[in-house]
Amino acid sequence: METLKRTKIVNVLKSDDFGSKVCVKGWVRTKRGSKNVAFIALNDGSTINNIQIVADLEQINESILSRIHTGASLSVTGTLIASQGSGQKVEIAASAIEVLGEANPDEYPLQPKKHSLEFLREKAHLRFRTSTFSAVFRIRHAMAFAIHQFFNGKGFYYMHSPIITGSDAEGAGEMFQVTTLDLDKLPRNEEGKVDYSKDFFGKLTNLTVSGQLEGELAALALGEVYTFGPTFRAENSNTSRHLAEFWMIEPEMAFYDITDNMDLAEEMLKYLVQYALDNCHDDLEFLQSRLLEEEKQKPQNERSDLPLIEKLEFVTKNDFVRLSYTEAIEVLKNSKANQKGQFQYPVSWGIDLQSEHERFLVEKHYKKPVILTDYPKEIKAFYMKQNEDGKTVRAMDVLFPGIGEIIGGSQREESYEKLKARIDEMGIPEKDMWWFLETRKFGTVPHSGYGLGFERLMLFVTGMGNIRDVIPFARTPKNAEY
Ligand code: 4AD
Ligand code: MG
């Protein structure tokens, strides 16, 4: 039998070499047909679009056709022909079909109909095979690639920060401990406390919540660096925007002040969204039409005002609004929403802004992405540069429509004395921070950085509503299947 090299479906669909022989391989999305001919929609993950296989009983044996159902994997050889029906311009008239793997229709969970996202979350091992999730994960790849391309183009170095660490970068105490001690037989010291000198690393260690502190060490020599890796938070928040394991991009730049930091964050977000528009068009179109369907089910006042692609274009074309936390509190206080008591959490200077406040500023008041700066020092991490007022720090959070906080960052405290005082004030043990402090002792410089939550970016770009649906295998409280 002839052996023909496999062509990816994305390339076959672009071809107009009618009459040529091709071989495609993939998974059956649907099969329909009449007595004499079957139409099979085949997808191989290279594109959202399926290729139609026309299997004529004169060419393909009935015994083969009867084994083909949704979910089965096939190798198909045939002739490229112009498509009769609507949709694609080409299809394949099959001359040979090999069933690589059957999928019993009585058992295969994905039927050729619409499944809810909740249902598919329980079937995360198979949901890649749906149009929605294949689109999401192709876009996820494109965004990761674009991040490297953006920073590489600017002369930043990709820095690998450790996953296991002894420090708590954010000081929030939301860490997963890493240990090889036998939890049933813990070694104890004289005081009866666990003796971590007997543990693998000879000390208490945890999974990192952020690569920032190590990023700072590198930036204070290499100039401009970024990390891009998994981070872990044991916060018990079961929301549509929190994961226990998420990916974060953390650029860190020597000689940048907070304005340079904001400029970089805005330029990066616009670049990434533009990259998606330029390179993920078919997938975005699909997700947009999916969203429009979903919107129709919602009450009028909950519908989003812009279709997905327009929403993305809007971000690339408009300047972000920049204002201080103090100004934002005034806007919130004076808002009709506040006066009508529509906020669940009351507004006053000093509060940690809730997602409802952030979204009000972005979606209702300014109707644009917003960068807030100069937050009260009490609600921010120890490393942020202290302002002259003694009350605020040079923090910056970028707030996005539908998401709230997408980026958190700051100018860093570069003064040894001020940083040391803050570390002491917050009761952070110096034995965990001596190396960080030394960068301020030897050749300190003004510097800044921020962290972009990769899955929050993915929520925005894909329009998906739940963060569990933009990471292949979500880790959330009480959930670590697969
Ligand atoms: O604001 P965060 O906590 O900042 C930091 O970790 C700093 N060290 C960053 C830096 O300055 N280098 O987190 C940064 C971003 C948030 O804005 C959010 O997008 C995302 O990380 N994020 C989460 N995403 C998903 N699930 C969670 N539990 C998240 N926590 C933070
Ligand atoms: Mg934050």
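Two residues are in contact when they have heavy atoms within 4.5 Å of each other. Keep that in mind as we walk through this predicted model, where local features need pLDDT of at least 70 and side-chain atom pairs count only at pLDDT 80 or more. Residues are numbered from 1 along each chain as its sequence is written.

Let's start at Lys377, in the loop between strand S13 (370-376) and strand S14 (392-400); strands here are DSSP runs of E, at least two residues long, and helices are runs of H or I, at least four. Leaving aside neighbours within four places in sequence, Lys377 touches Gly390, Lys391, Thr392, Val393, Arg422 and Glu425. Lys377 is buried but has no salt bridge, and its nearest oppositely charged side chain, Glu378, sits 4.4 Å away. Buried means under 20% relative accessible area and exposed over 50%, with a 1.4 Å probe and protein chains only. A salt bridge would need a side-chain nitrogen of Lys or Arg within 4 Å of a carboxyl oxygen of Asp or Glu.

For contrast, turn to Asp106, in the loop between strand S5 (90-101) and helix H3 (117-121). Asp106 counts as exposed because its relative accessible area is 72%. From Asp106 to Phe286 is 180 residues in sequence and 29 Å in space, C-alpha to C-alpha.

The residues lining the largest cavity include Thr165, Met175, Asn206 and Glu214. Strand S9 (205-207) and helix H5 (212-222) each supply at least two residues of that lining.

How values were computed
Chains lettered and ligands numbered in written order. Heavy atoms only, no water. Lys, Arg positive; Asp, Glu negative; His and termini not counted. 1 Å grid on protein atoms, 1.4 Å probe; cavity = no way out; pocket = protein on both sides within 12 Å on 5 of 7 lines; lining within 4 Å.
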